[in-house]
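Here is a walk through one model, taken a region at a time. Have the structure open as you read.

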Amino acid sequence: AACSSKYVLSQMHPMWQEPLAIPGGDRQSPIDIVIRKSVYDSELKPLVTDYDPQTCQQIWNNGYSFLVEYDDTTDKSTVKGGPLQDKYRLCQFHFHWGESNAWGSEHTVDRKLFSAELHLVHWNSDKYSLFEEAVMEENGLAVIGVFLKVGKRHEGLQKLVDALPAIRHKNSVVDFNRFDPACLLPSNTDDYWTYHGSLTTPPLTESVTWMVMKQHIEVSHDQLAVFRSLLFTAADEEVQKGMVNNFRVQQSQCGRTVRSSFS
Ligand SMILES: Cc1cc(C)cc(S(N)(=O)=O)c1
Ligand SMILES: [Zn+2]
């Protein structure tokens, strides 16, 4: 299986070419969450998020997704509890989506694809002093994943959608403040799946405790269409490429257990 070898086979070609060798390579993300194989763990606590909208700084197009960045020089926006032993500081959130509503998420649940997936990225500020340090460590990062489904318009998301035309091209950035990422969380954050995995974009380091919410949020077709109006390419490039399908192919489970916080 792909797990034993150091080579991870990538079926599809995401925007960036998958590297051939990944350090370890036996706890890569994303994966398919097989509900009947997940193990209920009654020790898993509810997630405790405490976000300060004032720490929101900017929104920018990094040529693969768009990121909303937070000031992570203090413990003002954090997550703890759940499977986490320490407190983790929010540094950014971003999304992955498809060119059609039929696919776009990175994780799947019993092979069900969602139209998009939100990732809130946090790093362990109890043990490390910088994201760059934590990203290399086994217990360095904690990412909350939330599935997006096309349905009714998401009022909280609209402020973000309205800022996207200003960052159409790669490396464009605009000031963005007072955005409370808690508005993007589903009403129920007690029910989630958790497993040890990796970043789903280079450097693909195996430093992530994933917490994937069972409950999805709804966004409108028009809101998702604005995501798709972003470009992978910089303003000076001849050929402009629409930013769609910015998700990684699913990786082997490699014998890992996915735990659920609910029975
Ligand atoms: C740190 C970081 C950056 C990016 C662009 C994406 C991730 S992910 N998809 O693993 O959550 C993490
Ligand atoms: Zn992501």
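## Two cis prolines

Pro 30 sits in the segment before strand E1 (32-33); helices (H or I, at least four residues) and strands (E, at least two) are DSSP runs, numbered from the N terminus. The peptide bond between Ser 29 and Pro 30 is cis, with omega at about 0 degrees. Another cis bond links Pro 202 to Pro 203, and here omega is about 15 degrees. Pro 203 belongs to the loop between strand E12 (192-197) and E13.

A word on the ground rules: this is a predicted model, in which local features need pLDDT of at least 70 and side-chain atom pairs count only at pLDDT 80 or more, while totals for chains, interfaces and linings use all residues. Residues are numbered from 1 along each chain as its sequence is written, chains are lettered from A and ligands numbered from 1 in the order in which they are written, and side-chain values use heavy atoms, with hydrogens and water left out.

Val 208 is in strand E13 (residues 208-213). Is Val 208 buried or exposed? Its relative accessibility is 0%, so Val 208 counts as buried (buried means under 20% relative accessible area, exposed over 50%, partly exposed in between, with a 1.4 Å probe and protein chains only).

Setting aside neighbours within four places in sequence, the contacts of Val 208 include Arg 27, Glu 138, Leu 141 and Val 143. Also among them are Tyr 195, His 196, Gly 197, Ser 198 and Leu 199. Contact here means heavy atoms within 4.5 Å.

Because His 94 lies in strand E7 and His 119 in strand E9 (residues 116-124), the pair ties together parts that are 25 residues apart in sequence. Both His 94 and His 119 are buried.

## His 96 up close

His 96 is in strand E7 (residues 88-97) and is buried, with a relative accessible area of 1%. Its side chain makes a polar contact with that of Glu 106 at 3.3 Å, and another with that of His 119 at 3.0 Å. A polar contact is a pair of N or O atoms within 3.5 Å; within protein, one must be able to donate a hydrogen and the other to accept it, and residues adjacent in sequence count only if both atoms are side-chain atoms.

Beyond neighbours within four places in sequence, His 96 is in contact with residues including Tyr 64, Gly 104, Ser 115, Thr 200, Asn 246 and Phe 247.

## Ligand 1

Ligand 1 is surrounded by 13 residues, and the closest are Gln 92, His 94, His 96, Leu 199 and Thr 200; a residue qualifies if one of its heavy atoms lies within 4 Å. A nitrogen atom of ligand 1 is 3.3 Å from an N or O atom in the side chain of His 94. For His 96 the corresponding distance is 3.2 Å, and for His 119, 3.3 Å. Taken alone, ligand 1 exposes 340 Å², and the protein buries 91% of that (Shrake-Rupley areas with a 1.4 Å probe; for residues, only the protein chains shown count as cover).

Two non-glycine residues are worth a look. Arg 178 has a positive phi of about 50 degrees, lies in the loop between strand E11 (173-175) and E12, and is exposed at 53% relative accessible area. Asn 245, with a positive phi of about 60 degrees, is in the loop between H3 and E15 and is buried at 13%.
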